[in-house]
Amino acid sequence: MQTGLVGECSWKKLMNMADDKQNDVKDEVAELAPFDPSKKKKKKKPVVQEDIDDSAENLAEKVETLSVSEGLESTFTGLKKKKKKPAEASLLNEESVEVGGEDLDDPAAESEEGEGIVLQQRYPWEGSDRDYEYEELLGRVFNILRENNPELAGDRRRTVMRPPQVLREGTKKTVFVNFMDLCKTMHRNADHVQAFLLAELGTSGSLDGQQRLVVKGRFAPKNFEGILRRYVNEYVICLGCKSPDTILSKENRLFFLRCEKCGSGRSVAPIKAGFVARVGRRNAGT
Amino acid sequence: MSEFDTTVPTAFDPFAEANAEDSGAGSKDYVHIRVQQRNGRKSLTTVQGLKKDFSYNKILKDLKKEFCCNGTVVQDPELGQVIQLQGDQRKNVSTFLVQAGIVKKEFIKIHGF
């Protein structure tokens, strides 16, 4: 209970901080709430009257105790009601449905309604008076925060890298057109990236006059993308905070990655080409 | 000093020289599986860095039988023995090595595109 209270307090604070709009909307809904049941009652009235004509109650009293009689009816004319339910639910928007659920005058009707409406509720605690759970409230706060001011929600902006543009030069060479652009977006030395790419592809290649990377062999853009992805994971992304704002520096023959955001550093493996099998024609002499 | 010796449990000595087996956590323990393009749509798979204790020829024989491809063991002056297989067998080789218990999954590095 204690924790529940604390949770509620902090939740309220956060709510105030997070959104004024949402609160306003809620208040409006609360003000509107009294109208909604009346709407519902109008719709149901014909049914009510049919049944009650026999019992001949006076109308004035009926208006007062309508909700109760409705409740009774719902038990009798359960089938009819159920048929009507979907249409009603669709007519009323979510908020009003929520209010309707809180309408505790006719418990029987509510219990019936509950089944139809549960799917449409925004929050799991709606329609019941149980205590809020911490996780649910936390999720709610973050949803609200994300709606109203997204920069506070802690969503890190995703760094977008353009897909590699690849051309074929002749039949045996591939040109990686926006190689320099991608190096710049990653803030990495082009030589380093090139060394990695060539080591992974197991071929040779070089930069041409327009700073494009010409690679020997036939490769699809997808291939480059996969390798760049691996490169980013290994040499760009900070392991601690996942931010790409990192600097790769060389300190006495070892590469170190230093994060600009959180200040953490780590060492990264040097690029090694590994074994490259000899492909192609052998020399005539040997 | 003697007190320290008695109180501190000496199960793990941080200042001891790293063992040969432990030090391999860096780059030595990895098995690198690479692919290389040949002419046309042909390719070549190389497996480098298997433990020296294994008989490369026997592994190669099984690999060849399993994937229905040819292959050789190449002697490289720097990297020791390297298995070469015809075709892009990277997935096959890694699953084979893991299933046969030759290498753990964490120590396999698949290169190439």
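Mentor: A salt bridge is a side-chain nitrogen of Lys or Arg within 4 Å of a carboxyl oxygen of Asp or Glu. This is a predicted model, in which side-chain atom pairs count only at pLDDT 80 or more and local features need at least 70, while totals for chains, interfaces and linings use all residues. Residues are numbered from 1 along each chain as its sequence is written, and side-chain values use heavy atoms, with hydrogens and water left out.

Trainee: How many salt bridges does that rule give between chain A and chain B?

Mentor: The count between chain A and chain B is 0.

Trainee: What is the area buried between chain A and chain B?

Mentor: Buried area is the accessible area (1.4 Å probe) that two parts lose on being put together, summed over both, and for chain A and chain B the value is about 1500 Å², with carbon and sulfur atoms giving 50%.

Trainee: How do you know which residues of chain B to read with caution?

Mentor: pLDDT is the predictor's confidence in each residue, from 0 to 100, and over residues 19–27 of chain B it stays under 50. Where pLDDT is low, the predicted coordinates should not be read in detail. The mean for chain B is 80, with 75% of its residues at 70 or more. For the complex, the predictor gives an ipTM of 0.72 and a pTM of 0.55.

Definitions and conventions:
Chains are lettered from A and ligands numbered from 1 in the order in which they are written. Contact means heavy atoms within 4.5 Å.
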